[in-house]
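Grab a pencil and open the viewer.

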Amino acid sequence: MLVRTNRVIQSPSGPGSVITRLMMAVLQSRRRVLITGAAGFIGFHVASRLLRDGWTVLGIDSFSPYYDVRLKEARARSLESDPAFSMVRLSIADRPAYEAAWAGFKPDVVVHLAAQAGVRYSIDHPDDYISANLIGSHNTFELARNHPVSHLVAASTSSVYGANTVTPFQETDRAVHPVSLYAATKGSMELIGHSYSHLFGIPTTFFRFFTVYGPWGRPDMAPMKFARAILAGEPIEVFNGGEMMRDFTYVDDLVEAVTRLIDAVPGGKPLTGDTLSPVAPCRVVNIAGGRPVGLNDFIAAMEHAFAKAAIRTMAPMQAGDVLATDASTALLHQLIGKVPETPLAEGLERFADWYVDYSAKSAIEGVLPAMH
Ligand SMILES: NC(=O)c1ccc[n+]([C@@H]2O[C@H](COP(=O)([O-])OP(=O)(O)OC[C@H]3O[C@@H](n4cnc5c(N)ncnc54)[C@H](O)[C@@H]3O)[C@@H](O)[C@H]2O)c1
């Protein structure tokens with residue numbers, strides 16, 4: 001019987017046996033992807049999917065304390081049960097450590113998701129955004145220059161559309177009025193990445209994600225915050241009297257799009273409404289559900305999913321927030337065809353099932369992440 005551990009495959013007949021060598025050959029022939037932010041919400045889902053698709057995955061994550069690290073540890077444990085996955089704990093702002101991991105692994109593709117996320121947190125913690133989103137991303141581009149990959153894909157955000165009011169947001173719109181430092185660092189990352197793509201021929205795609213939700217979600221985002229409050233009978237804050245719209249994206253739909261876009265390497269003739277650079281193999285593309293929902297309708301869908309009424313407290317609009325996000329998905333669909341668009345009610349049902357199950361298990365095992 002073969003005994004699989006996280007990184008080593010052993011067989012009773014020893015490391016030199018035919019079976020062991022065959023297994024090693026299979027693992028070595030798989031495509032190799034390095035995912036930054038793999039212990040994060042989206043990184044965990046992308047890594048899980050690529051492992052299922054037969055990739056060998058190296059995750060990099062600093063396990064930053066922005067939200068409860070136990071949730072990140074739980075995601076990492078789940079990934080580490082697959083022998084084709086390894087996790088390295090380091091900050092992408094630490095160039096020598098990052099370079100050693102990258103050069104040792106020799107990725108074919110890099111999926112850069114590590115970031116200091118969150119709009120409101122950037123007001124009091126600006127340094128974290130400069131370190132992860134600017135220095136960390138710059139290191140990523142430098143490493144792609146020194147250790148070429150077939151495609152570098154990186155997470156940007158709908159927040160770069162900032163003060164734009166014309167909807168739906170199209171990738172070709174000027175996005176030069178960020179209203180948070182988070183958005184400013186992500187927009188800057190796109191510009192720095194374009195210059196690297198131009199100068200060093202690095203095939204690069206930036207994804208502008210729109211409010212992603214689902215199982216294993218982020219405790220600082222509305223679905224997790226509202227779920228905890230609704231189940232605890234505590235009030236939820238309804239910003240701007242509920243007069244806000246968000247283009248919610250179910251995480252499995254986003255992962256499907258990311259997976260297909262990995263093989264859509266920028267090049268060739270531009271498509272209609274394309275952002276393909278005239279001087280670099282570089283493109284920006286929205287990934288979104290494409291069906292914005294009002295905050296009050298979102299809360300109603302949460303109440304339905306958890307079969308419990310929410311207690312609402314009205315709160316003013318938060319600094320750094322935008323009123324509405326609404327994505328054009330025309331370019332996305334030209335690039336990869338139609339992707340699934342899970343209806344919000346269905347996505348929240350799946351989220352609620354996970355949340356209830358995870359909370360119960362965590363309470364028993366004493367690892368319930370404290371949601372802030
Ligand atoms: N979730 C969304 O709705 C959403 C929307 C738009 C954009 N994004 C972007 O998608 C990406 C993933 O977001 P997420 O929701 O999974 O967030 P997340 O916070 O759950 O994941 C980010 C991960 O990056 C890690 N990290 C932070 N700084 C690091 C550093 N210096 N070195 C190494 N690792 C570091 C964190 O520990 C975390 O595990 C981010 O780039 C984010 O800005 C997310």
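A helix axis here is a line fitted to C-alpha atoms over the stretch in contact, and angles run from 0 to 180 degrees between N-to-C directions. Helices are DSSP runs (H or I) of at least four residues, numbered from the N terminus. You're looking at a predicted model, where local features need pLDDT of at least 70, side-chain atom pairs count only at pLDDT 80 or more, and totals for chains, interfaces and linings use all residues. Residues are numbered from 1 along each chain as its sequence is written.

**Exercise 1.** Work out how the axes of H7 and H9 cross.

*Solution.* Step one: find helix H7 (residues 222-232) and helix H9 (residues 295-306), whose axes come within 11 Å and cross at roughly 55 degrees. Step two: that angle makes H7 oblique to H9, since under 35 degrees would be roughly parallel, over 145 roughly antiparallel, and 65 to 115 roughly perpendicular, with the rest oblique.

**Exercise 2.** Find the residues of H7 and H9 that meet.

*Solution.* Contact means C-beta atoms, placed from the backbone, within 7 Å. On the H7 side, look for Phe226, Ala227, Ile230 and Leu231; in H9, they meet Ile299, Met302, Glu303 and Phe306.

**Exercise 3.** Is glutamate 190 buried or exposed?

*Solution.* Start in helix H6 (residues 181-200), where glutamate 190 sits. Next, count neighbours: glutamate 190 has 20 C-beta neighbours inside 10 Å, so it counts as buried (20 or more other C-beta atoms within 10 Å; 12 or fewer is exposed, in between partly exposed; C-beta atoms are placed from the backbone). Finally, leaving out residues up to four places away in sequence, glutamate 190 touches Ser156, Phe206 and Val284.

How values were computed
Helices (H or I, at least four residues) and strands (E, at least two) are DSSP runs, numbered from the N terminus. Two residues are in contact if their C-beta atoms, placed from the backbone, lie within 7 Å.
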